[in-house]
Amino acid sequence: MSQTISDKLRWTTADLELLPDNGDRYEIIDGELFMTRAPHWGHQKAIGNLYQELNTWSRETNLGEPGINPGLIFTDADNVIPDLVWASNERLAILLDEAGHLTAAPELIVEVLSPGADNHRRDRDLKLRLYSVRGVQEYWVVNWQLQQIEVYRREQASLRIIATLLSNDELTSPLLPGFSCLVARIFA
């Protein structure tokens with residue numbers, strides 16, 4: 001469950017230090033603060049399975065690394081925690097700050113939808129626009145309830161939907177040469 005904390009205040013990364021460390025996850029998108037509670041088991045299972053597939057491929061190819069829930073600090077007003085990212089070795093070397101947070105866009109970002117209109121708005125609208133403006137090459141929106149994956153790719157300087165993959169479809173990407181995963185495996 002996600003909610004907007006305030007529509008009047010403009011939040012920054014420094015403000016996050018003032019919030020309670022109570023297990024909630026806080027993100028800032030264009031100065032708007034979002035709070036997310038612990039995700040559903042199905043959400044976590046989808047992330048774990050997708051991470052496993054990407055990590056296995058990454059170890060075999062040595063082309064990059066996936067990461068679960070990394071801090072991604074674009075600016076003081078855009079500080080998010082994607083569910084999963086993948087970055088090439090070359091890109092990763094310049095993305096990480098001393099605190100181990102990403103400071104620019106990795107090539108691939110994955111968000112798994114949580115139920116609720118606020119969550120869908122955040123992932124399908126606000127984050128899609130943020131990731132598009134910041135140069136993400138590919139964005140996957142995973143719907144564990146419907147067992148499908150929306151694939152957005154950078155075309156003409158913005159992320160555009162190119163496919164909605166169902167259980168019997170293969171998930172592939174030009175970013176990940178030779179990577180292929182049956183969508184159903186993500187939800188198994």
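Analyst: Happy to! Keep in mind that this is a predicted model.

User: How far apart are the ring centres of W140 and F179, and at what angle are the planes?

Analyst: The centres lie 6.5 Å apart and the planes are at 25°, so this counts as a stacked pair, given that planes under 30 degrees apart fall in that class.

User: Where do the two sit in the chain?

Analyst: W140 belongs to strand β9 (residues 138-143), while F179 is in the loop between β12 (170-171) and β13 (181-182).

User: Nice. How many aromatic pairs are there in the whole structure?

Analyst: The search finds 5 of them. Ring pairs also join W57, W86, W140 and F179 into a cluster.

User: Switching to cavities: how many are there of 30 Å³ or more?

Analyst: The count is 1. The largest cavity has a volume of about 50 Å³.

User: Which residues line the largest cavity?

Analyst: The lining is made up of R25, T36, P39, H43, D83, E111, V112, S114, R122, D123 and K127. Two elements, β8 (108-112) and α4 (117-133), each give two or more residues to this lining.

User: Which element gives the most?

Analyst: That's α4, with 3 residues.

User: And what's the lining like by class?

Analyst: It has 6 charged, 3 polar and 2 nonpolar residues.

Terms used
Residues numbered from 1 in each chain as written. Predicted model: local features only at pLDDT ≥ 70, side-chain atom pairs only at ≥ 80, totals over all residues. Heavy atoms only, no water. 1 Å grid on protein atoms, 1.4 Å probe; cavity = no way out; pocket = protein on both sides within 12 Å on 5 of 7 lines; lining within 4 Å. Points joined across faces, edges and corners; volume = space filled by probe spheres on them. Helix = DSSP H or I, 4+ residues; strand = E, 2+ residues; numbered from the N terminus. Nonpolar A, V, L, I, M, F, W, Y, C, P; charged D, E, K, R; others polar. Phe/Tyr/Trp six-rings, centres within 6.5 Å; stacked < 30°, edge-to-face > 60°.
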